Amino acid sequence: TKLVKRIYQYRMETSARIKLVRDRNTRIRDAAEAIAPLSYPSNQQAIRVIREEVNRIEWALADIVPQ
């Protein structure tokens, strides 16, 4: 019973991390679409959002993928 409980808990945690990655990916996609082809100051905010979300995805994936 303990083994089944641990497996279930691990799957739920992994599912939550995957959902987090999916949500962050959506934010990155939205920020990338906001970047204009020419260099505008507003692009800096979109680029900052992309960098922050990529860092969060890397942290979430580090928890999922065993070292």
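The exercises below work through a predicted model of one chain.

Residues are numbered from 1 along each chain as its sequence is written, and side-chain values use heavy atoms, with hydrogens and water left out. In this predicted model, local features need pLDDT of at least 70 and side-chain atom pairs count only at pLDDT 80 or more, while totals for chains, interfaces and linings use all residues.

**Exercise 1.** Determine how many helices and strands the secondary structure of the chain holds.

Solution. Helices (H or I, at least four residues) and strands (E, at least two) are read as DSSP runs, numbered from the N terminus. Counted in this way, the chain has two helices and zero strands.

**Exercise 2.** Decide whether Arg24 is buried or exposed, and list which residues it touches.

Solution. Next comes the cut-off: buried means under 20% relative accessible area, exposed over 50%, and partly exposed in between, with a 1.4 Å probe and protein chains only. Arg24 has a relative accessible area of 19%, and is therefore buried. Finally, with contact meaning heavy atoms within 4.5 Å, Arg24 touches Glu53, Arg56 and Ile57, not counting residues up to four places away in sequence.

**Exercise 3.** Identify which residues form the largest nonpolar core, and which element gives the most to this core.

Solution. A nonpolar core is a set of buried Ala, Val, Leu, Ile, Met, Phe, Trp, Tyr and Cys residues joined through side-chain atoms within 4.5 Å. The largest has eight residues, namely Val21, Ile28, Ala31, Ala46, Val49, Ile50, Ile57 and Ala60. Two or more residues come from each of α1 and α2 (42-64), and α2 gives the most, with five residues.
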